[in-house]
Amino acid sequence: MEITREYWYSQTYILLEIIKQFGAGKEMTFIEKQDGTIKDRKPKVIRCINAGTIDYLKKNFEAFRFFQFPNFNIYFSLANYDRMPQFSFAPVERAKQYALWSSGGYRKKAIGYDWGVDIDAETWQEGLKDTLKLKTLFDQYRLPYSVKWSGHKGFHFLIGYKWLPQIPFAKLVVMLSELTTMIRSIDGIENIDDTIIDERRVLKAGYTWDRGLITLPLDDCQTAKFDPVMIQPEWVIKNIK
């Protein structure tokens with residue numbers, strides 16, 4: 001059976017795995033990946049989505065025509081908020097709400113910031129090599145982290161803000177940006193992407209569909225023995241359910 005994007009997102013247990021990454025304090029974002037086929041417009045970006053239940057996630061799929069844009073994917077904010085507000089589906093009202101939020105309103109609700117590290121290499125083999133280097137470093141300091149395939153040629157690390165210094169939001173973002181750059185240069189992990197670290201950064205959510213592959217969270221064994229077959233939707237359906 002060939003698994004399609006529509007079939008993938010029709011599975012309740014997949015949607016449950018996705019919304020578990022959000023809760024009430026995370027911003028969901030839909031971002032359309034540019035793959036060269038979009039020529040007459042800018043890729044679509046829908047921010048400020050609050051989708052903490054399957055029903056509400058499906059409403060957002062419908063409202064923003066998620067399935068009409070095959071390269072739409074789902075991202076979560078590294079910022080954590082004291083309850084992400086609900087934005088209107090009405091375009092004019094939503095634009096007003098978004099302007100207020102983006103101009104500084106989000107800082108009033110921010111309570112923390114996760115540390116996300118993006119390993120982005122030319123090949124998955126190069127990405128895995130640096131992933132194992134960073135994993136060894138984090139294990140050495142007994143840091144509680146998770147790893148997932150990023151959906152392209154690399155991997156994402158995530159450390160929740162509750163495990164990080166409890167300092168003001170803006171200072172924490174600056175500290176993590178500097179720390180990421182230090183690790184890249186001092187520890188020689190060259191494929192760490194330290195070019196985009198800001199207060200509203202997003203990372204791709206786990207268990208989402210990315211151009212026919214799955215952004216799969218990996219345990220220690222899966223990371224050490226990573227094989228691209230693991231991120232095929234058929235393999236995930238068979239082995240993760």
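A pocket is an open set of grid points with protein on both sides within 12 Å along at least five of seven lines, and its lining residues have an atom within 4 Å of a point. With that in hand, let's explore this predicted model.

**Exercise 1.** Find out how many residues line the largest pocket and which of them lie nearest its centre.

*Solution.* 
- Step 1: Start with the volume, which is about 510 Å³ for the largest pocket.
- Step 2: Count the lining, and you reach 19 residues.
- Step 3: Look towards the centre, where Lys33, Tyr75, Asp118, Arg201 and Val202 lie nearest.

**Exercise 2.** Work out which strand gives the most to the lining of the largest pocket, and sort that lining by class.

*Solution.* 
- Step 1: List the strands that each supply at least two lining residues: β1 (28–32), β2 (45–49), β6 (115–120) and β9 (202–204).
- Step 2: Pick out β9, which gives the most, with three residues.

**Exercise 3.** Now describe the second largest pocket in the same way: its volume, its strands and its classes.

*Solution.* 
- Step 1: The volume of the second largest pocket is about 390 Å³.
- Step 2: Its lining holds 24 residues, with Gln21, Phe76, Asp114, Ser146 and Leu158 closest to the centre.
- Step 3: β7 (146–149) and β8 (154–159) each bring at least two residues to this lining, and β8 gives the most, with four.
- Step 4: By class, the lining of the second largest pocket has twelve nonpolar, six polar and six charged residues.

Key. Residues numbered from 1 in each chain as written. Predicted model: local features only at pLDDT ≥ 70, side-chain atom pairs only at ≥ 80, totals over all residues. Heavy atoms only, no water. 1 Å grid on protein atoms, 1.4 Å probe; cavity = no way out; pocket = protein on both sides within 12 Å on 5 of 7 lines; lining within 4 Å. Points joined across faces, edges and corners; volume = space filled by probe spheres on them. Nonpolar A, V, L, I, M, F, W, Y, C, P; charged D, E, K, R; others polar.
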